[in-house]
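Visitor: I have a model open and would like to learn how to read it. Can we go through it feature by feature?

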Amino acid sequence: MRVREGFSGTVGHTPLIRLESLSEATGCTILGKAEMLNPGGSVKDRAALGMVLDAEARGALSKGGLIVEGTAGNTGIGLCHVANARGYRCLIVMPDNVAPEKAEVLRALGAELSLVPPAPFAKPENYYHVARRLGEERGGFWADQFENPANFTAHYMHTGVEILEDAGPVDGFVTSAGTGGTIGGISKRLKEENAKTQCYLVDCEGSSLVGYVNEGTLAVEGSSVLEGIGIRRITKNFAEAKLDGAFLGTDREAVAMSHYLLHHDGLFLGGSGALNCVGAVKLARKLGRGATIVTVLCDGGGRYQSRLFNPAWLTEKGFSVNHQDLSFVS
Ligand code: PMP
């Protein structure tokens, strides 16, 4: 029998998909790690499980205990699944401007949900600080995905290894960063295997990381409609990343890519996975024909149906989505 052990045993070992339209258009082999096929629906299942297993091993969490986390949604969803499967409760703090689909899922999973108005990181009202305070007040385990090394370790020990098992050493890797766990763990693993693998960040508008990687400065301006990515400080998880450079990907490019992949490849992705594919096309153009490039398909489009796949929202925001070729990627 080839069975997986419960929810925890089903996280990971996601398929690596050859993205046909992008591979054909660029002359490269562009591969997407299908993280939306994790049992909780996103790449963050890995970090959630990794942080809980680590807390259990350290004795920071015991049966019936409370897990507290601030999240744009996916980490909270992953934590709720893991908590239900392993006998814990969850208190999730989330900014109230994220897609309503995520709050609905969290409620359905049984989370205690605290929606807070968006606030800059420097303010005590920012969801990160609210989660830390609630964790202290309630005597819970604050997962702290931004600074908790169990986050990047899950990708270093698993996601990066799986990519190497499935694809062998690759020419390029590109992904975006929210906490930096994904890019930190995978780039570190790929670089250790082959120092020549070109590892790139693709950063969204309003994030400071592209400037940090390319120029060493943390500029702060702009904003993005993409959720779960973009950050204006260097987290411990991002600091693990081994990078050769960074691209900026715009909202316009990411939204166009999400519809392009749906119509050309039948893939229904969220905005960050689409931005990563924009990054993969940019890296393909940089490395040239014949290169093998891996990126991450972080979550599915259903989590953003009321926005990215809603004609009224697209019109209101001024996004155009009917593209026959990849000329929308600059
Ligand atoms: N995409 C989505 C949709 C996410 O929720 C996240 C997590 N914040 C990411 C990408 C980025 O992953 P990481 O936190 O590992 O940088």
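Visitor: Which backbone atom lies 2.7 Å from a nitrogen atom of the ligand?

Guide: Look for N or O atoms paired within 3.5 Å. Here, a backbone N or O atom of Gly-228 lies 2.7 Å from a ligand nitrogen. This is a predicted model, so read every distance as a computed value.

Visitor: How much of the ligand's accessible area does the protein cover?

Guide: The size of an interface is often expressed as the accessible area lost when the parts come together. On its own, the ligand has 390 Å² of accessible area, and the protein covers 96% of that.

Visitor: Which side chains have a polar atom by an oxygen atom of the ligand?

Guide: Take two cases. Lys-44 has a polar side-chain atom 2.7 Å from a ligand oxygen. For Thr-182, the distance from a polar side-chain atom to a ligand oxygen is 2.5 Å.

Visitor: Which residues around the ligand come nearest?

Guide: There are 15 residues around the ligand, and Lys-44, Gly-178, Thr-179, Thr-182 and Ser-272 come nearest. Sort the shell by class next. It has 8 polar, 4 nonpolar and 3 charged residues.

Visitor: Ser-272 brings me to Ser-176. With which residues is Ser-176 in contact?

Guide: Set aside neighbours within four places in sequence. Ser-176 then contacts Ser-272, along with Ile-183, Leu-201, Val-202, Ile-229, Leu-275 and Asn-276. With Asn-276 there is also a polar contact between side chains, at 2.8 Å.

Visitor: Where is Ser-176 placed, and is Ser-176 buried or exposed?

Guide: Find the flanking elements first. Ser-176 sits in the loop between β7 (172–175) and α8 (181–193). Then check accessibility against the cut-off: under 20% is buried. Ser-176 counts as buried because its relative accessibility is 6%.

Visitor: Now another loop. Where is Gly-41 found, and why does Gly-41 count as buried?

Guide: Gly-41 lies in the loop between β2 (29–34) and α3 (44–58). Its relative accessibility is 16%, so Gly-41 counts as buried. Beyond neighbours within four places in sequence, Gly-41 is in contact with Glu-35, Met-36, Cys-298, Asp-299, Gly-300 and Arg-303. Ala-85 is 44 residues away along the chain, and its C-alpha atom is 15 Å from that of Gly-41.

Visitor: How is the protein chain divided into domains?

Guide: Start with the bounds. The domain assignment gives domain 1 as 8–38 + 159–318 and domain 2 as 44–142. Then compare positions: the C-alpha centres of the two lie 24 Å apart.

Visitor: How many residues of each domain are in contact with the other?

Guide: Count each side separately. Domain 1 contributes 21 residues, in contact with 16 residues of domain 2.

Conventions: Residues are numbered from 1 along each chain as its sequence is written. This is a predicted model: local features need pLDDT of at least 70, side-chain atom pairs count only at pLDDT 80 or more; totals for chains, interfaces and linings use all residues. Side-chain values use heavy atoms; hydrogens and water are left out. Helices (H or I, at least four residues) and strands (E, at least two) are DSSP runs, numbered from the N terminus. Buried means under 20% relative accessible area, exposed over 50%, partly exposed in between (1.4 Å probe, protein chains only). A polar contact is a pair of N or O atoms within 3.5 Å; within protein, one must be able to donate a hydrogen and the other to accept it, and residues adjacent in sequence count only if both atoms are side-chain atoms. Contact means heavy atoms within 4.5 Å. A residue is near a molecule or strand if one of its heavy atoms lies within 4 Å of it. Accessible areas come from the Shrake-Rupley method with a 1.4 Å probe; for residues, only the protein chains shown count as cover. Ala, Val, Leu, Ile, Met, Phe, Trp, Tyr, Cys and Pro count as nonpolar, Asp, Glu, Lys and Arg as charged, and the others, Gly among them, as polar. Domain bounds come from an automatic or database domain assignment.
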